[in-house]
Amino acid sequence: MKIKPLADRVVIKKLEAEEKTKSGIVLPGSAKEQPQMAEVVEVGPGGVIDGKEIKMEVKIGDKVIFSKYAGTEVKLEGEEYTILRQNDILAIVE
């Protein structure tokens, strides 16, 4: 099964959070900060939304930074994904 986003939506998969601090302290699972970096898995077609032409600026495989509480989390075939609008993506990491 595959997720195909509509309009200006993007499907991302969060990258794993660091398990150690910079000083080398290992963090338990509950203390880990939620990652705000993810990889783009699928991209919607864009189009005209609210009378404005939306051009998709991200592509599959891009590493992105997104707003902390953005999107809807879904679980499909044991994998966790987040579906969000392109304007919730803050930056592309190169």
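In what follows, buried means under 20% relative accessible area, exposed means over 50%, and partly exposed lies in between (1.4 Å probe, protein chains only). The structure is a predicted model, in which local features need pLDDT of at least 70 and side-chain atom pairs count only at pLDDT 80 or more, while totals for chains, interfaces and linings use all residues. Residues are numbered from 1 along each chain as its sequence is written, and side-chain values use heavy atoms, with hydrogens and water left out.

Six strands make up an open, antiparallel sheet in the order β6-β7-β1-β2-β5-β8, where strands (E, at least two residues) are DSSP runs numbered from the N terminus and two strands pair if DSSP finds at least two bridges between them. At the edges sit β6 (72-76) and β8 (89-93), each pairing on one side only. On average, neighbouring strands of this sheet are turned by 40° against each other, direction ignored; the axes behind this angle are lines fitted to C-alpha atoms, and angles run from 0 to 180 degrees between N-to-C directions. In general, strands of a sheet pair through backbone hydrogen bonds, either parallel or antiparallel. Between the antiparallel strands β6 and β7 there are five bridges, and Val74 has Tyr81 of β7 as its bridge partner.

Strand β7 (residues 79-85) also holds Thr82, which counts as buried because its relative accessibility is 3%. Leaving aside residues up to four places away in sequence, Thr82 touches Val10, Val11, Ile12, Lys14, Ala70, Gly71, Thr72 and Glu73, a contact being heavy atoms within 4.5 Å.

Charged side chains come next. Six salt bridges are found across the whole structure, each defined as a side-chain nitrogen of Lys or Arg within 4 Å of a carboxyl oxygen of Asp or Glu. In one of them, Lys13 and Glu79 bring their closest N and O atoms to 2.3 Å. This pair links distant parts of the chain, with Lys13 in strand β1 (residues 9-14) and Glu79 in strand β7, 66 residues apart. Lys13 is partly exposed at 31%, and Glu79 is partly exposed at 31%.

Another salt bridge joins Glu73 to Lys14, with 2.9 Å between the closest N and O atoms. Here strand β6 supplies Glu73 and strand β1 supplies Lys14, 59 residues apart. Glu73 is exposed, at 53% relative accessibility, whereas Lys14 is partly exposed, at 25%.

A further salt bridge connects the side chains of Glu39 and Lys63 (3.5 Å, N to O). Glu39 belongs to strand β2 (residues 37-43) and Lys63 to strand β5 (residues 63-66), 24 residues apart. Glu39 is partly exposed at 30%, and Lys63 is partly exposed at 32%.

Technical notes:
Helices (H or I, at least four residues) and strands (E, at least two) are DSSP runs, numbered from the N terminus.
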